[in-house]
Amino acid sequence: MNRNVFGGATPESCDCCGRDAEDCGMDDFGWLTREAGREYPGTYCLGCASLLGLVLWSEHCTLCGISAESEEAAEREGWRYFSDGWGHLVPFCAVCVAAEFGIAPPVVQHRHHH
Ligand SMILES: [Zn+2]
Ligand SMILES: [Zn+2]
């Protein structure tokens, strides 16, 4: 299944840590591609993108603006990062991920609504 919002297939491996897409969670959590000619060109898993300072964590969903309690809570609830096309990863809540990209949210035992 092609999960890349922006049309490409899942990359084979991360250019930073060298793990393949499955091992470093690209399949599950997304990845970041930086074009040649920019700082840090390459394709990175979230862990490496975060280490390189390329992830823009925000507690608000990029699309609907709903907020998450924390990065951990967001991850648990099925938020995903996707490249914004400018070389940064931005967060989307589980609802928007499902609605926009057709990716089902994970089964969460206790879903808290505030
Ligand atoms: Zn990596
Ligand atoms: Zn949203």
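Author: Two strands pair if DSSP finds at least two bridges between them. Keep that rule at hand as we look through this predicted model.

Reader: Happy to. What makes E1 and E2 a pair?

Author: E1 and E2 are joined over 4 bridges, in the antiparallel sense. A pair needs at least two bridges, so E1 and E2 count as paired. One of the contacts links Thr33 to Thr43, its bridge partner in E2.

Reader: And what makes E3 and E4 a pair?

Author: Strand E3 (residues 80-83) and strand E4 (residues 89-92) are antiparallel, with 4 bridges. At least two are required, so E3 and E4 pair as well. Among the partners, Arg80 has Phe92 in E4, while Ser83 has Leu89.

Reader: What lies between the strands of that hairpin?

Author: There are 5 residues between E3 and E4, and Gly85 takes a positive phi near 90° in this hairpin.

Reader: Which residue other than glycine has a positive phi?

Author: Tyr40 does, with phi near 50°. Its place is the loop between strand E1 (31-34) and strand E2 (42-45).

Reader: Why is Tyr40 called partly exposed?

Author: Its relative accessibility is 35%. Buried would mean under 20% and exposed over 50%, so Tyr40 falls in between and is partly exposed.

Reader: Why is Leu46 called buried, then?

Author: Leu46, which lies in helix H2, has a relative accessibility of 15%. The limit for buried is under 20%, so Leu46 is buried. From Leu46 to Phe82 there are 36 residues in sequence, and their C-alpha atoms are 9.7 Å apart in space.

Reader: Which way does Phe82 point, and what is on the other side of E3?

Author: Phe82 points one way together with Arg80, and Tyr81 and Ser83 point the other way; all four of these residues are buried.

Reader: Is Leu63 buried or partly exposed, and why?

Author: Leu63 has 44% relative accessibility. That value lies between the 20% and 50% limits, so Leu63 is partly exposed. Leu63 belongs to the loop between helix H2 (46-51) and helix H3 (71-77). The C-alpha atoms of Leu63 and Cys93 are separated by 8.1 Å, although these residues are 30 apart along the chain.

Reader: What makes a patch of negative charge on the surface here?

Author: Glu12, Asp20, Glu22 and Asp23 gather there. Asp and Glu count as negative, and patch members need over 30% relative accessible area and no salt bridge. Take Asp20, in the segment before helix H1 (26-29): its relative accessible area is 37%.

Key:
Residues numbered from 1 in each chain as written. Chains lettered and ligands numbered in written order. Predicted model: local features only at pLDDT ≥ 70, side-chain atom pairs only at ≥ 80, totals over all residues. Heavy atoms only, no water. Patch = residues over 30% accessible without salt bridge, like charges linked within 9 Å, V, L, I, M, F, W, Y side chains within 5 Å. Areas by Shrake-Rupley, 256 points an atom, 1.4 Å probe, with all protein chains shown as cover. Salt bridge = Lys/Arg side-chain N within 4 Å of Asp/Glu carboxyl O. Charge placed at Lys NZ, Arg CZ, Asp CG, Glu CD. Helix = DSSP H or I, 4+ residues; strand = E, 2+ residues; numbered from the N terminus. Buried < 20%, exposed > 50% of the residue type's maximum accessible area, 1.4 Å probe, protein only.
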